[in-house]
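Work through the exercises below with the model open. Try each task before reading its solution.

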Amino acid sequence: MTAHSCEGRPRLPPAGFFRDENPRHGGYMQDIQLIDISKIVIDAGTQQRDYDNKVVEEETELVKEEADLPPVEVVFTGKKYILWDGFHRYMAHLGAEADCIQANVREGTVRDAVWLSFGANKDHGVRRKAK
């Protein structure tokens with residue numbers, strides 16, 4: 001098993017399986033999980049900003065060094081994991097040839113993921129820019 005392989009890894013114990021009481025988040029259940037990276041959908045209209053290649057390169061090196069990065073944010077529709085925050089971390093894991101990625105999973109719809117994506121990077125990550 002490589003450091004970036006999902007095979008044989010147990011599901012992470014949740015940092016807290018809880019209902020998010022923030023009304024702006026819709027009260028969705030959340031759970032931290034290791035997700036097979038190939039099961040994550042990135043083309044559902046949830047990437048609101050351009051990629052910063054320098055950030056992806058830097059984070060790829062961190063993934064290779066097995067640094068702890070925050071989990072990406074996904075909405076599980078019952079069939080698909082829709083990425084709505086953490087695109088640079090996702091791309092870094094691909095660049096490091098990782099098989100899995102830690103994700104904070106919410107139950108919802110594609111529409112929920114798109115809506116949540118509008119608020120991504122308000123307080124963290126690569127900042128939003130006016131065009």
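Predicted model: local features only at pLDDT ≥ 70, side-chain atom pairs only at ≥ 80, totals over all residues.

Residues are numbered from 1 along each chain as its sequence is written, and side-chain values use heavy atoms, with hydrogens and water left out.

**Exercise 1. Strand β5**

Solution: 
- Step 1. Strands (E, at least two residues) and helices (H or I, at least four) are DSSP runs, numbered from the N terminus.
- Step 2. D85 has 6% relative accessibility, so D85 counts as buried. Buried means under 20% relative accessible area, exposed over 50%, and partly exposed in between, with a 1.4 Å probe and protein chains only. In β5, five of its five residues are buried.
- Step 3. Strands pair if DSSP finds at least two bridges between them. I40 has Y81 as its bridge partner in β5.
- Step 4. The hairpin of β4 and β5 has four residues between the strands, and G78 takes a positive phi near 100 degrees.

**Exercise 2. Aromatic pairs**

Task: How many aromatic pairs does the structure hold?

Solution: 
- Step 1. Rings of Phe, Tyr and Trp (its six-membered ring) pair if their centres lie within 6.5 Å; planes under 30 degrees apart are stacked, over 60 edge-to-face, and the rest tilted. The structure holds two such pairs.
- Step 2. The rings of F76 and Y81 have centres 4.6 Å apart and planes at 35 degrees, so this pair is tilted. F76 is partly exposed at 25% relative accessible area, whereas Y81 is buried at 15%.
- Step 3. W115 and F118 pair edge-to-face, with 6.3 Å centre to centre and 85 degrees between the planes. W115 is exposed at 61%; F118 is partly exposed at 44%.

**Exercise 3. Nonpolar cores**

Solution: 
- Step 1. A nonpolar core is a set of buried Ala, Val, Leu, Ile, Met, Phe, Trp, Tyr and Cys residues joined through side-chain atoms within 4.5 Å. The largest has twelve residues, including I40, V74, Y81, L83 and F87.
- Step 2. The contributing elements are β4, β5, α2 (87–95) and β6 (100–107). The largest share, three residues, comes from β6.
- Step 3. Another core lies apart, with six residues, among them I82, W84, A113 and L116.

**Exercise 4. Salt bridges**

Task: How many salt bridges does the count come to?

Solution: 
- Step 1. A salt bridge is a side-chain nitrogen of Lys or Arg within 4 Å of a carboxyl oxygen of Asp or Glu. The count is three.
- Step 2. K54 and E58 meet at 3.8 Å, N to O. Both lie in helix α1 (residues 53–64), four residues apart.
- Step 3. K64 and E61 also meet at 3.8 Å, N to O. They are three residues apart in α1, about one helical turn.
- Step 4. R106 bridges to E73, with the closest N and O atoms 3.9 Å apart. R106 lies in β6 and E73 in β4, so the pair ties together parts 33 residues apart in sequence. R106 counts as buried at 3% relative accessibility, and E73 counts as buried at 14%.
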